[in-house]
Amino acid sequence: MAAISTTSLVKEVVIVDGLPTVVSKILPKKRNNKYVIVVIPGNPGLVEFYDDFVTTLFNSLHGQSPVYAISHAGHSPAEDYLANPDQNCLSVDDNETKEANSLPLSLKEQIGHKNKFLEGHISTHSKIILIGHSIGAYVILNLLRTCQRASDITKAFLLFPTVERMAISPSGRYVTPMVTYFKWLAIASSAAFSILPAFVKEFLVRWWLNDRKRLSLSSVESILKLLTPQSIDGVFTMAQHEMKEVVDLDDEVIEQNLKKLLFYYGATDHWTPISYYEDMKEKFPDGEIYLCERKFKHAFVLESSEEVAEMVASWIQEVIA
């Protein structure tokens, strides 16, 4: 079990690339910023889904390093949280806030958003450890190619990585027509859902996910935040771009950064079939490329956050030791 920490997770709204952005963080009592850990979510990119993961990760590392998780812009509801009044930990360099009509962002714009976060909000004296889940892994590969802080990225852990052939994967064949043709129906449905009493909304979410026996309370709360028009718009728009743009594997950036990368594939992941794992192993036989043996699902944040965090913490210990 992870060690108990008296430091707790907090959320705040910071301005990243001109956009109000929800960030979760846990900071050590002793400000040791040699390494900073940053979690980049999948899609949906609500940072709330990662609360248990971030907390367990920090505690499993005995509070050695600060841990941040950044939402995809427009996915987490910024109006639910307080803005950081002084930016003691994240130095904002954005002078103006963009108009609300800048949302929703495309996949490329979300990558640029994470680029700005690393360049403007993480201490230049710190080495960076990245954790990317699902499309967050694709974001990381792009950051290694384009970010000015790429040389400071010491290690990147890519969990259930959707970095190629998304639209033709088993899940992609189902999701592609849904996000292409039913986006506005989903937005309208979320608007209708939003006006229901809170207890009815919670009941419906639990009923919808009744096959997940270990569903956490924080996951239910996160799904309730997801089912709003702005979040659904952001999720569907980003997914539309994913299906079109995440096609070919970036062999060049992987080859150039192979020692920095660890890939962790799911054994029953319909976004990344085992054949994707096997192809990756064949292309990069010297890489750290693993297949899950613990029955974790692609959306591990709903049921297995603590177990996955403890596993990732053991890998990070080898980096920061």
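# Helices around a mixed sheet

User: Which helix does Asn142 lie in, in this predicted model?
Analyst: Asn142 belongs to a helix that covers residues 135-146. As the model is predicted, this placement is to be read as computed from it, and the helix that holds Asn142 is helix 3.

User: Does Asn142 count as buried, partly exposed or exposed?
Analyst: The relative accessibility of Asn142 is 22%. Buried would require under 20% and exposed over 50%, so a residue at 22% falls in between, and Asn142 therefore counts as partly exposed.

User: Which residues is Asn142 in contact with, leaving aside its neighbours within four places in sequence?
Analyst: Contact asks for heavy atoms within 4.5 Å, and sequence neighbours within four places are set aside here. Under that condition, the residues in contact with Asn142 are Ile111 and Cys147.

User: In what order do the eight strands of the open sheet lie?
Analyst: The sheet is open and its pairing is mixed. Its edge strands, strand 1 (10-16) and strand 8 (288-291), each pair on one side only, and neighbouring strands are turned by 20° against each other on average, direction ignored. Read across the sheet, the order is 1-2-4-3-5-6-7-8.

User: Why is strand 3 largely enclosed by the rest of the structure, and how many of its six residues are buried?
Analyst: In strand 3, Tyr35, Ile37 and Val39 point one way while Val36, Val38 and Ile40 point the other way, and all are buried. Strand 3 (residues 35-40) is largely enclosed because the count of buried residues, out of six, is six.

User: Through which helix does the chain cross from strand 3 to strand 4?
Analyst: The path from strand 3 to strand 4 is a β-α-β crossover, and this crossover is right-handed.

User: Which residue of strand 6 is the bridge partner of His133?
Analyst: Strand 5 and strand 6 (residues 153-159) run parallel and are joined by six bridges. Within this pairing, the partner of His133 in strand 6 is Leu159.

User: What angle does the direction of helix 3 make with that of strand 5?
Analyst: Helix 3 packs on the sheet, where it touches strand 3, strand 5, strand 6 and strand 7 (261-265). The angle between the direction of helix 3 and that of strand 5 is about 145°.

User: What arc around the axis do the buried residues of helix 4 cover?
Analyst: In helix 4 (residues 170-181), the buried residues are Ser171, Gly172, Val175 and Val179. They lie on the same side of helix 4, because the arc they cover is only 85°.

User: At what distance does the side chain of Ser231 reach the backbone oxygen of His75?
Analyst: Ser231 is found in helix 8, and with a relative accessible area of 2% it is buried. Leaving aside neighbours within four places in sequence, Ser231 is in contact with Gly74, His75, Lys225 and Leu226. Its side chain reaches the backbone oxygen of His75 at 2.5 Å.

Methods
Residues are numbered from 1 along each chain as its sequence is written. This is a predicted model: local features need pLDDT of at least 70, side-chain atom pairs count only at pLDDT 80 or more; totals for chains, interfaces and linings use all residues. Side-chain values use heavy atoms; hydrogens and water are left out. Buried means under 20% relative accessible area, exposed over 50%, partly exposed in between (1.4 Å probe, protein chains only). Helices (H or I, at least four residues) and strands (E, at least two) are DSSP runs, numbered from the N terminus. A crossover is right-handed if, with the strands pointing away from the viewer, the path from the first strand over the helix to the second runs clockwise. Two strands pair if DSSP finds at least two bridges between them. Axes are lines fitted to C-alpha atoms, for helices over the stretch in contact, and angles run from 0 to 180 degrees between N-to-C directions. The arc is that of the directions from the helix axis to the C-beta atoms. A polar contact is a pair of N or O atoms within 3.5 Å; within protein, one must be able to donate a hydrogen and the other to accept it, and residues adjacent in sequence count only if both atoms are side-chain atoms.
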